[in-house]
Amino acid sequence: MSGRDGGWRNWAGTATATPARWCRPTDPAQLAGVIKDAERDGLPVRALGSGHSFTDAAATDGVAVDLSGWTGIVAADRATGLVTVRSGTTLRDLNAGLDTLGLALTNLGDIDKQTIAGALSTGTHGTGARYGGMATQIAALDLVLADGSLVSCSPTDRPDLFAAARVSLGAIGVLSTVTLQCEPAFVLAADERPEPIDDLMARFDEQVDQHDHMEFHWFPYGKNALVKRNDRLPAGTRPEPLSRLRQFVEYELVENIALAGMCRLGRAIPRLVPPLHRTVDSVLSARTYSDRAHRVFVSSRQVRFVESEYAIPRESLADVLAELRREIPKLADPVMFPLEIRVAAQDDIWLSTAYGRDSAYIAIHQYLGMPYRQYFDLFESITRTVDGRPHWGKLHTLTAARLATLYPRFDDFRRVRAEVDPHGRFANAYTARVFGPVR
């Protein structure tokens with residue numbers, strides 16, 4: 001995240017910055033002091049997580065607040081499932097800590113390197129037609145505002161601040177702690193297998209309604225999708241994970257080492273990309289196992305890429321995907337990486353991509369170093385026709401003017417922001433583009 005020269009870059013290398021000052025607070029008083037000092041010196045402030053956003057959401061030439069010194073579970077109530085965690089805690093460490101308590105998060109994405117603050121602030125989500133994004137699991141927040149005050153909010157305590165801060169890109173304040181509604185730890189049965197994409201799409205809605213968590217990956221020049229169906233097992237079920245050898249072969253050798261080699265070959269000789277995808281089609285195999293939920297949700301992702309993702313009305317998925325399938329072969333540069341398709345239930349969080357509508361998510365990727373702009377522009381033009389909402393932490397070109405038409409509570413968010421940060425202490429170029437000036 002930080003370099004020896006004092007600079008900052010994100011995981012994908014798509015955003016860089018040179019902060020004027022780095023701070024690493026280890027308690028709320030220090031965090032408040034950092035923000036007060038920045039106010040005195042007229043410097044903007046941005047909190048840094050793990051750098052897994054593809055946008056420049058965390059970039060600043062002011063004060064960079066490194067939250068890696070503010071981690072760990074603060075309190076846990078096994079009876080209610082309420083767990084309070086410090087904002088710099090990574091999802092990996094949080095999952096491990098919850099597991100020792102016999103608790104778990106209800107739903108997760110497939111990467112666990114993010115901090116809890118970064119994941120929530122960008123609207124990170126998993127998949128499941130009956131489940132919302134991670135921010136739907138927030139019960140309360142503590143955050144430091146632009147004046148250095150530490151405040152608490154919840155659905156009953158400063159509810160507008162709570163509504164705005166759950167997904168906010170850090171533009172409301174710096175999160176200090178998050179209280180999450182967890183549940184008893186559970187085991188997921190995983191069934192992963194290739195299926196013809198035409199057959200899959202013909203019964204997709206039926207399938208996602210039948211399974212707790214379902215998603216699929218599709219290489220654009222192949223005919224098969226790799227479908228992942230994860231279903232909850234009764235309490236007390238003993239996990240039956242893959243052997244360590246098979247885990248290494250499947251997840252490290254095939255999904256990382258072999259994929260990296262294939263991507264390097266495709267980048268060097270682009271005309272080989274379509275036949276490489278057809279080769280993948282022919283070697284995809286099935287696997288079934290069960291394990292603790294977080295071990296099933298999360299995957300190892302070592303191969304670097306760039307990504308854009310849009311949430312669309314679930315009923316529009318078939319049409320949007322069909323248009324992509326028609327247009328991708330026409331691109332001047334081939335697409336090396338697969339698309340990922342997930343779903344989520346609607347929620348009431350002001351800046352959630354699933355606000356007010358059951359949503360399907362299409363994530364597109366390109367291997368790092370290969371051309372992607374034409375592909376991403378095509379994707380954005382197609383999703384625009386169905387009022388697609390971009391993932392806040394992934395590449396897109398939308399501005400506040402367009403986003404205001406996509407989020408019914410957008411002006412409410414901007415009102416709260418202006419109330420608690422009237423001088424734009426937590427602003428940067430990205431928040432200026434997507435939220436507009438503080439007003």
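This is a predicted model: local features need pLDDT of at least 70, side-chain atom pairs count only at pLDDT 80 or more; totals for chains, interfaces and linings use all residues.
A salt bridge is defined here as a side-chain nitrogen of Lys or Arg within 4 Å of a carboxyl oxygen of Asp or Glu. Side chains of opposite charge can pair when their charged atoms come close. Residues are numbered from 1 along each chain as its sequence is written, and side-chain values use heavy atoms, with hydrogens and water left out.

By the salt-bridge rule, the count comes to 35. One of these joins the side chains of aspartate 209 and arginine 314, at 3.1 Å from N to O. Aspartate 209 lies in helix 6 (residues 204–210) and arginine 314 in the loop between strand 17 (305–313) and helix 10 (317–327), so the pair ties together parts that are 105 residues apart in sequence. Helices (H or I, at least four residues) and strands (E, at least two) are DSSP runs, numbered from the N terminus. Burial is assigned from relative accessible area: buried is under 20%, exposed is over 50%, and partly exposed is in between (1.4 Å probe, protein chains only). Aspartate 209 is partly exposed, at 45% relative accessibility. Arginine 314 is buried, at 14%.

Lysine 394 forms a salt bridge with glutamate 309, and the closest N and O atoms are 3.1 Å apart. This pair also links distant parts of the chain: lysine 394 sits in the loop between strand 20 (389–390) and helix 12 (400–406), glutamate 309 in strand 17, and the two are 85 residues apart. Both lysine 394 and glutamate 309 are buried. Elsewhere, salt bridges with shared partners join Asp110, Glu192, Arg246, Glu250, Glu255, Arg287 and Arg301 into one network.

A further salt bridge pairs arginine 295 with aspartate 291, at 3.5 Å from N to O. Arginine 295 is partly exposed, at 47% relative accessibility. Aspartate 291 is buried, at 10%.

A cavity is a set of points where a 1.4 Å probe fits but cannot get out; a pocket is an open set with protein on both sides within 12 Å along at least five of seven lines; lining residues have an atom within 4 Å of a point. Grid points are joined across faces, edges and corners, and a volume is the space filled by probe spheres set on the points.

The second largest pocket has a volume of about 620 Å³. It is lined by 29 residues, and those closest to its centre are His294, Arg295, Val298, Ser299 and Ser300. Elements giving two or more residues to this lining include helix 2 (91–100), strand 14 (213–218), strand 15 (224–232) and strand 16 (287–292). Helix 9 gives the most, with four residues. The lining divides into eight nonpolar, nine polar and twelve charged residues. In this scheme Ala, Val, Leu, Ile, Met, Phe, Trp, Tyr, Cys and Pro count as nonpolar, Asp, Glu, Lys and Arg as charged, and the others, Gly among them, as polar.

Four cavities of 30 Å³ or more are present.

Two non-glycine residues with positive phi were noted. Arginine 158 has a phi of about 55°. It lies in the loop between strand 10 (150–153) and helix 4, and is partly exposed at 38% relative accessibility. Aspartate 387 has a phi of about 60°. Its place is the loop between helix 11 (373–384) and strand 20, and its relative accessible area of 39% makes it partly exposed.

Leucine 169 lies in the loop between helix 4 (159–165) and strand 11 (174–181). This leucine is buried, at 4% relative accessibility.

Technical notes
On a 1 Å grid over the protein atoms alone, a cavity is a set of points where a 1.4 Å probe fits but cannot get out, and a pocket is an open set with protein on both sides within 12 Å along at least five of seven lines; lining residues have an atom within 4 Å of a point.
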